[in-house]
Amino acid sequence: FKGGDTCEYLLSSGRFLGEKVWQPHSCMMHKYKNSEAKNCLIDKHIVFIGDSRIRQLFYSFIKLINPQVKEEGNKHGNIPFEDKSASIKVDFLWYPEVNGSMRQRIKSWTEGSVAKPHIIVAGAATWSIKIHNGSNEALTQYKINITSIAPLLEKLAKSSDVYWVLQDPVYEDMLSESRKMITNEKIDAYNEAAVRILNSSSRNSKAKVKVFSVSKLIAQETIMKSADGLHLPESSRDTNAMILMNVYCNKIMKPIDGSCCQPQPPLTLIQKLAFCFFTLSIIGYLIINLIHRNNYRKNKSCTDLESGEEKKPAISTPNVSTLEMLLHSFCKLGLIMTYFYLCDRANLFMKENKFYTHSSFFIPIIYILVLGVFYTENTKETKVLNREQTDEWKGWMQLVILIYHISGASTFLPVYMHIRVLVAAYLFQTGYGHFSYFWIKGDFGVYRVCQVLFRLNFLVVVLCIVMDRPYQFYYFVPLVTVWFMIIYATLAIWPQIVQKKANGNCLWHFGLLLKLICLLTCIYFLSYSQGAFEKIFSFWPLSKCFELNGNVYEWWFRWKLDRYVVFYGMLFAFIYLALQKHQMISEGKGDPLFSNRVSNVLLFISIVSFLTYSIWASSCKNKTECNELHPSVSVVQILAFILIRNIPGYVRSVYSSFFAWFGKISLELFICQYHIWLAADTKGILVLIPGYPMFNVLVSTFIFVCVAHEISQITNDLAQIVVPKDNSTLLKRLLCIAGFFSGLLLFSAMQDQSRH
């Protein structure tokens, strides 16, 4: 950590990712749309003053406000631009040399009678080199002139944003004969003079002229694509304009994926209370631990000096108390949450934009698949979708999703569509797993419900508090939580139909199918009635959980995208358990699931279906249209995979312990990636070790996986304490939890009021 402002990095350093994507050093650059640019620059006056290179930058800048603008008019004259809808005024003033005329114009802005521009972008040198044939006298005069202008610019910098654009290098081989005297050696001399003279009188002052030197780095990579060897290609000019927009607008608009020039957000009241709670937990645990150590030392075996025999302590070492276990868990969690906060809220670690290439996605995928195959072991049981197999399934899917996120593969539509199937497969497992449990066990008790809800939501609730994010931000957890409650309600509502009851009378099977048809009807209705859906989730306090950016549209979109797949999971579980009960499938070790003929036919159909879906997904041209079809057809590839994985006896009898290990912590991996592997709420990549991308990924991944594993252990430990089996104790805990969330809602309302 070098300290300093990320604006300095944005204006002075960076590199290209690929050919056109500019990556500033240490921070993320937001790509502004014209509507965002207008909102930022409303009622502002911006002035570009200089030569033809500054004019190019002027045009690129105003195209961010109005993309329809054409580069026309007097090239060697002033060019005005105005957007009346947002009261934005942008002027280009033709002053190709740093001389008395430029000084006079700048001086007029320092006088009280003339309104000062909010942003001033200045720069010139190549004309001085050209007119004076690159003479040393011209350079000396340039130094004198810029020395006279510097105090005026520094004075303006106290109330306006002032940028001095250094001169870009030229491509000497392409320069015309009239420009041959403009050499990179001369340009470097002029730039050196400007940097040395500007801010010389205000080194320690906050009001400084910002030197825009990053354009030089961009030009070094792209000037050979120039049309005349002097002026930058359009893509490079647009990058410079976008950098200018980020420097000025990020602190105003605060985009999530624009970390450059953004100040650290102030701590909220809830965050301060959380900090106090974790601090007290750490202190409490240390005190209890110290007391136990002292007791242990007092009671430790010692030798009797007179008899030479060892004395045994009267008191044995006490077991770990519930309080100590609770404090120990919160102590570890507090340290982990500190790391979360430092990674993604404090401006301590660097963040970078994602950049997708096919190799950055597919090479890691191949690597982890090979690793997974090396860790093949025999399963304890050979049933369809046994525990080891579902853990393996979750594990490899989670690893693929993680690679998808860090590589930025969402920009490649075929990959996006296949990842959507993986998310659907998670929800399919939710429907399958919870239906199977309730159908076989018939356990609809409060303890089971509270255990599931606690394990799903504990980490997300803590992150909402520590990271100051809404519950819906971690969309997958609300999704599986709501679907669990829907499954529970469907099966728990009278009449409660379970396997034991249905075995006594086959009519109960039809009763259950009727329940499932009612559920499907409700899903269908809500998916095509956005108004009804939004009304249900707009009631307080549900709205506090499911709103994002002031509305529940995002929640409706996420729910609608995989609306049928949980139902398919429940239906599959019902059919599979019925077949298993009537012994219509063979699940012995090494045995095919059906007869050889049926197994071969089903296996062939499954492989064809799997490949057909992949071909369709890979040929998608429009994300919106494909998303419309996805809820109905994603189950094809999911069922095809299940059959391919389970029909052959040998394949069903083995699993990858490597993938299964990750599968056991898949939920924690999915949630933790938001802040300690990715950055800026998943929009960028966390950089712990700058300059070494592969080493950085290895180190941050190791920490990320360890943290996810530790949080999984903490959640399991706390679940035993917070959700006890004893009903009376559980009721008391539930009242405490209700009080906690009531307080949280109250403090949240106070925060919202103070923000407004």
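**Exercise 1.** Work out how α14 and α24 cross.

*Solution.* Start with the hand: α14 and α24 make a right-handed crossing, meaning that the near helix is turned clockwise from the far one by less than a right angle. Next, the geometry: their axes come within 9 Å and cross at roughly 55°. Axes here are lines fitted to C-alpha atoms over the stretch in contact, with angles from 0 to 180 degrees between N-to-C directions. So α14 is oblique to α24, as angles under 35 degrees count as roughly parallel, over 145 as roughly antiparallel, 65 to 115 as roughly perpendicular and the rest as oblique.

This is a predicted model, where local features need pLDDT of at least 70 and side-chain atom pairs pLDDT 80 or more, while totals for chains, interfaces and linings use all residues. Residues are numbered from 1 along each chain, and side-chain values use heavy atoms, without hydrogens and water.

**Exercise 2.** Find what Ile-638 touches beyond its neighbours within four places in sequence.

*Solution.* Ile-638 is among the α24 residues that meet α14. Its contacts (heavy atoms within 4.5 Å) are Trp-393, Val-421, Ala-424, Ala-425, Phe-428 and Val-565.

**Exercise 3.** Is Ile-647 buried or exposed?

*Solution.* First place Ile-647: it lies in the loop between α24 (623-646) and α25 (649-653). Its relative accessible area is 2%, so Ile-647 is buried (under 20%; exposed is over 50%, partly exposed in between, with a 1.4 Å probe and protein chains only). Finally, the C-alpha atoms of Ile-647 and Leu-593 are separated by 4.8 Å, though 54 residues apart along the chain.

Note on methods
Helix = DSSP H or I, 4+ residues; strand = E, 2+ residues; numbered from the N terminus.
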